[in-house]
Amino acid sequence: YNSEERVVTLNGEAYFEVAKNPDKRFVVTCNGVEIEALGTEFNVKAYKDSEAHVTLVQGSVKVHMPGIDREVLLVPGDDITCTDDDFQVHQVNVSYYTYWMEGYFYYDNVHLSDILKDLGRWYNVTIEMEQDSLLEEQRLHFVADRSETIDSVIENLNLYQYLSVTKDGGNKITVRKRE
């Protein structure tokens with residue numbers, strides 16, 4: 001922080017509760033996006049290999065995307081997805097985006113590949129998904145307790161009739177279409 005602004009750089013996921021202070025801006029930078037809090041609560045999910053998500057719970061935030069020279073003011077319930085050259089804003093149930101703070105993975109209508117990225121990061125495992133159009137297009141509703149072992153999560157994934165998820169002796173997980 002300096003005398004004029006409070007700036008946080010993020011690679012990961014964080015929840016912010018920011019008191020309004022017109023004398024000191026509060027800014028989060030991540031993945032080429034700048035989020036200015038205007039007295040608010042919001043969640044940011046921004047990993048190096050994924051698009052950035054900003055989900056507004058209360059108050060307001062301004063999301064500036066210098067790469068495309070755009071700025072968007074979010075209202076409570078908005079989730080903005082930012083890529084290098086585009087963005088989309090949707091109204092969402094914000095609890096889906098904050099369940100991680102209560103110790104859960106919670107996904108609703110999320111691509112399987114995005115779920116697998118999160119699981120790989122959390123459990124520090126390598127996940128390989130078979131190249132198959134069914135798997136690549138698949139969206140899931142999936143919930144798991146973050147305190148469960150990776151083996152328990154694999155069991156849950158194998159409940160889907162079209163998935164075959166296996167773990168080798170080390171830290172590699174393979175996801176295939178079930179025959």
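1. Axes here are lines fitted to C-alpha atoms, for helices over the stretch in contact, and angles run from 0 to 180 degrees between N-to-C directions. Helices (H or I, at least four residues) and strands (E, at least two) are DSSP runs, numbered from the N terminus. Residues are numbered from 1 along each chain as its sequence is written. The model is predicted, with local features needing pLDDT of at least 70 and side-chain atom pairs counted only at pLDDT 80 or more, while totals for chains, interfaces and linings use all residues; side-chain values use heavy atoms, with hydrogens and water left out.

2. Overall content. The protein has 4 helices and 13 strands. Its C-alpha atoms fill a box of roughly 60 × 30 × 25 Å along the principal axes. Of its 179 residues, 37% count as buried (under 20% relative accessible area, with a 1.4 Å probe and protein chains only; over 50% is exposed, and partly exposed lies in between). Among contacts (heavy atoms within 4.5 Å) with a separation of 6 or more, 42% come from residues 24 or more positions apart.

3. The helix pair. Helix α2 (residues 112-123) packs with helix α4 (residues 150-157) at an angle of about 165°, and their axes are 11 Å apart. The two are therefore roughly antiparallel to each other (angles over 145 degrees; under 35 is roughly parallel, 65 to 115 roughly perpendicular and the rest oblique).

4. Handedness. The crossing of α2 past α4 is left-handed, a term for the near helix being turned anticlockwise from the far one by less than a right angle, with clockwise giving right-handed.

5. Helix contact. From α2, the residues L116, L119 and Y123 meet I150, V153 and L157 of α4. By class, this contact has 6 nonpolar residues, no polar and no charged. Nonpolar covers Ala, Val, Leu, Ile, Met, Phe, Trp, Tyr, Cys and Pro; charged covers Asp, Glu, Lys and Arg; the others, Gly among them, are polar.

6. The sheet. An open sheet of 3 strands runs in the order β10-β13-β12, with mixed pairing (two strands pair if DSSP finds at least two bridges between them). β10 (126-129) and β12 (163-167) are at the edges with a single partner strand each, so one side of each has no neighbour in the sheet. From one strand to the next the twist averages 20°.

7. Pairing and packing. Strand β13 (residues 172-177) pairs with β10 in the parallel sense over 4 bridges, and I127 stands opposite I173 in β13. On this sheet α2 packs against β10, β12 and β13, its direction making about 165° with that of β10. Helix α4 also packs on the sheet, touching β12 and β13, and its direction makes about 160° with that of β12.
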